[in-house]
Each structure stands twice: as C-alpha cells, then as structure tokens.
Amino acid sequence: GFALGVPVQKPMAERLEYEASYRGPLTADETIPIASLSMETREVRLPGFTGPLFETALEVSSEVFSFAEENFPFRLRIRSLYRVSPFAVLALEKYKLTDELKHELTWVDSDHGRVGRYRIQGGGPGLPVALGNWVDEEKLFRYYKPARHKVLDGLLDRLSMLQSMRLQQMMPGAEYRFAVTDGKHLVDYRVKVAGLEQIRSAGKLQLAWKLVLDAQTTRKGVTEPDHGPIHLWLSKDQAARPLRFSHQHPLGAFIVELRDVIK
C-alpha cells in the first residue's frame, strides 16, 4: 500500500517561471511586481555517486523591476542536489548578491554524520571530489565551519522538500513533517493540507490543493517560528505544479505566481 510521506515517483525535468509581487506600507498598499523567478529541475549524473540524482535550481532577480531594483536590488541563486529513494539532500549552494555577496555551499556528509559549510573565504580543506564535479568554482571553495546540526535521516533543504511535497498523496486534513536544513540551522516544517480551491493561475482556472507551511527552529535552546505561515497552492493533477505562494510578512504581503511552464 501507499505509505504516507513516501513519494512513489520521481521529480520531472521542467522549468517554471514565476513573478513575485509585494503589497504593503513600502508601496502605499499598492501591489507592485518586484522579482522574476525561475525554477528548473533536472536529473544529473555525478561520478562518485550511485543512482540517479536530481538538481533543483532557483534563480531570483529584481533586475527588470524598477521599484525593487532602485530600492532593494538583489540576485539570488539556490541549488539543491538530492536523491529520491529515500528523499534526502546531498548538497546545497546559496549565492546571494545584495549590497554584499554571500556564496556558500553546504555538504551533507552522511558517511561521517556531518554537515559542513564551505565558502570562498573559508580556510580549511577543499570540497570533496564528488562535489567538485557539481560546482563551477570548486577550486575556490574551502571548508568554513560545521552547520549547527547533525545529519538526520531524510534531511532535506527547502527546494528538495518542495519536490517531495509535490509527490505526496494529497488528501484534505493530511499533515506532513520535514526536517530541513537552511545550510546552517535545522528547521522543523509542518505542512497541512487545508483543502481544494479553484484559483486563476497562468491565465486559466485550475483546481489546486491549498497547503499551509509552518516552520520552527531552535536556536540557543529557544524554539520559535522560523518565519510566518506560508500558503502554497499545488495543481491537482499529475504535475502537482506550485501555482502560487503567499506570505504575510511584518513588512507586507509577498505573493509569487506561476507565469509560464517552459518545459
């Protein structure tokens, strides 16, 4: 039978294009587009790893939106390398350019039960050989420090968690839990299926599962929300595409809408 929480198929190769908008005090409550997002998933083969691996890459840019580009310009790239049986993240790359540049790689070393962080400015050893095949500027990365948590069974990052969620058997009221690393801290995600809704997405009405994502993290012995609830709508079909994300932040409302399916 189907075990709850265990996906039965694998992610599909695709590229999805989104647009993010903001409404709040910074824009006098007017909804303004602030960023374009592209999320691409592909199967990869890397020497040193057995079996199929998957990569999901998210690129976010404010470049074409003047309000954001003039006030809060940013470029963000997150790449997740994971396997699917069982679902577990192997490595996570984060590149963030705002008024400063941050570029970090997290390596989940299951063999030694360690999660290591690598940076361009790190002072320790270089990347493991198997991982060097995945990273463009591999020679520049050096060991920086360990993450604040150990390896857990089924540990994911946010992108591989999203892919795992898309493969779950949805039903109203179902709840899922995911242990997620953001590269540094461990985040406990609880996902609840609120029900089915019809929403307009990418120019057409679609039936979608509405999910509510809550996240908690423990830092210095104190457990508190990692962020406010995120609402996510997944299309109720074989593709289970993320159609919309919404997040009510203290600064205002952020909404990400699917605009185009490239492949």
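A residue is called buried here when its relative accessible area is under 20%, exposed when it is over 50%, and partly exposed in between, with a 1.4 Å probe and protein chains only. By that rule lysine 210 is buried, because its relative accessible area is 18%. The model is a predicted one, in which local features need pLDDT of at least 70 and side-chain atom pairs count only at pLDDT 80 or more, while totals for chains, interfaces and linings use all residues. Residues are numbered from 1 along each chain as its sequence is written, and side-chain values use heavy atoms, with hydrogens and water left out.

Lysine 210 belongs to strand β11, which covers residues 204-219; helices (H or I, at least four residues) and strands (E, at least two) are DSSP runs, numbered from the N terminus. If contact is taken as heavy atoms within 4.5 Å, and residues up to four places away in sequence are not counted, lysine 210 touches Lys192, Val193, Ala194, Gly195, Glu197, His231, Leu232 and Trp233.

One of these contacts, Leu232, leads on to the pairing of strands, where two strands pair if DSSP finds at least two bridges between them. Strand β12 (residues 222-235) and strand β13 (residues 242-249) are antiparallel and share 5 bridges, and leucine 232 has phenylalanine 245 of β13 as its bridge partner. The hairpin of β12 and β13 has 6 residues between the strands, and in this hairpin alanine 240 takes a positive phi near 45°.

Rings of Phe, Tyr and Trp (its six-membered ring) pair if their centres lie within 6.5 Å, and planes under 30 degrees apart count as stacked, over 60 as edge-to-face and the rest as tilted. A search of the whole structure finds 7 aromatic pairs. In one of them, the rings of tyrosine 22 and phenylalanine 254 have their centres 5.1 Å apart and their planes at 50°, so the pair is tilted. Because tyrosine 22 lies in strand β1 (residues 14-23) and phenylalanine 254 in strand β14, this pair ties together parts that are 232 residues apart in sequence. Tyrosine 22 counts as buried at 3% relative accessibility, whereas phenylalanine 254, at 28%, counts as partly exposed.

Another aromatic pair, formed by phenylalanine 54 and tyrosine 82, is stacked, with 6.2 Å centre to centre and 25° between the planes. It links distant parts of the chain, since phenylalanine 54 is in strand β3 (residues 53-61) and tyrosine 82 in strand β4 (residues 75-84), 28 residues apart. Phenylalanine 54 is buried at 2% relative accessibility, and tyrosine 82 is buried with a relative accessible area of 0%. Ring pairs link Phe54, Tyr82 and Phe87 into a cluster.

Charges, too, can sit over rings, which requires NZ of Lys or CZ of Arg within 6 Å of the ring centre and within 35 degrees of the ring normal. Arginine 244 lies over the face of tryptophan 233 at 5.4 Å from the ring centre, and arginine 77 lies over the face of tyrosine 95 at 4.9 Å from the ring centre.
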